[in-house]
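Student: I am new to this structure and would like to learn how to read its features. Please take them one at a time.

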Amino acid sequence: MSETRCPRCGGPLGDRPARSRLTVDREVLVCSVCGQDEAVRQATGRTPIPFGEWPSSR
């Protein structure tokens with residue numbers, strides 16, 4: 001996938017990408033919508049979407 005696409009959803013990365021919470025070093029950039037979803041999932045104790053289910057890993 002192009003670096004301008006979100007690896008988590010496949011949509012546009014956008015002008016203000018977030019850093020994925022799934023990596024220790026937080027080097028993986030995701031779109032702000034996916035970043036917000038990861039934050040909400042973490043705050044509410046829900047399981048994150050595994051890397052293997054991201055479009056970029058298929």
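This is a predicted model: local features need pLDDT of at least 70, side-chain atom pairs count only at pLDDT 80 or more; totals for chains, interfaces and linings use all residues.

Student: Which elements does the protein have, and in what order do they run?

Tutor: Helices (H or I, at least four residues) and strands (E, at least two) are DSSP runs, numbered from the N terminus. This protein has 1 helix and 2 strands. Starting at the N terminus, the order is β-β-α.

Student: What percentage of the residues count as buried?

Tutor: A residue is buried under 20% relative accessible area, exposed over 50% and partly exposed in between (1.4 Å probe, protein chains only). By that rule, 26% of the 58 residues are buried.

Student: How far does helix α1 reach from its first C-alpha to its last?

Tutor: The expected span of a helix is 1.5 Å times one less than its number of residues. Helix α1 covers residues 32-43, which makes 12 residues, and its reach of 16 Å is close to the 16 Å expected at 1.5 Å a residue. Just after α1, glycine 45 has a positive phi of about 75 degrees.

Student: Which residues of α1 are buried?

Tutor: An α-helix has 3.6 residues a turn, so residues three or four places apart point the same way. In α1 the buried residues are Cys34, Gly35, Glu38 and Arg41. Viewed down the axis of α1, they fall within an arc of 125 degrees (taken from the directions from the helix axis to the C-beta atoms), so they line one face of the helix. The face turned away from that buried side carries the exposed residues Val33, Gln36 and Ala43.

Student: What covers the buried residues of α1?

Tutor: A contact means heavy atoms within 4.5 Å. The cover includes β1 (18-19) and β2 (29-30). Leaving aside residues up to four places away in sequence, arginine 41 touches Arg8, Arg46, Thr47, Pro48 and Ile49.

Student: How many disulfides does the structure hold?

Tutor: A disulfide is a pair of cysteine sulfur atoms within 2.5 Å. The structure holds 0 of them. For cysteine 9, the nearest cysteine sulfur is that of cysteine 34, 3.8 Å away. For cysteine 34, it is that of cysteine 31, at 3.6 Å. Cysteine 9 is partly exposed at 42% relative accessible area, whereas cysteine 34 is buried at 5%.

Student: How many aromatic pairs are there?

Tutor: A pair of aromatic rings is described by the distance of the centres and the angle of the planes. Rings of Phe, Tyr and Trp (its six-membered ring) pair if their centres lie within 6.5 Å; planes under 30 degrees apart count as stacked, over 60 as edge-to-face and the rest as tilted. There is 1 aromatic pair here. Phenylalanine 51 and tryptophan 54 have ring centres 4.6 Å apart and planes at 65 degrees, so the pair is edge-to-face.

Definitions and conventions
Residues are numbered from 1 along each chain as its sequence is written. Side-chain values use heavy atoms; hydrogens and water are left out.
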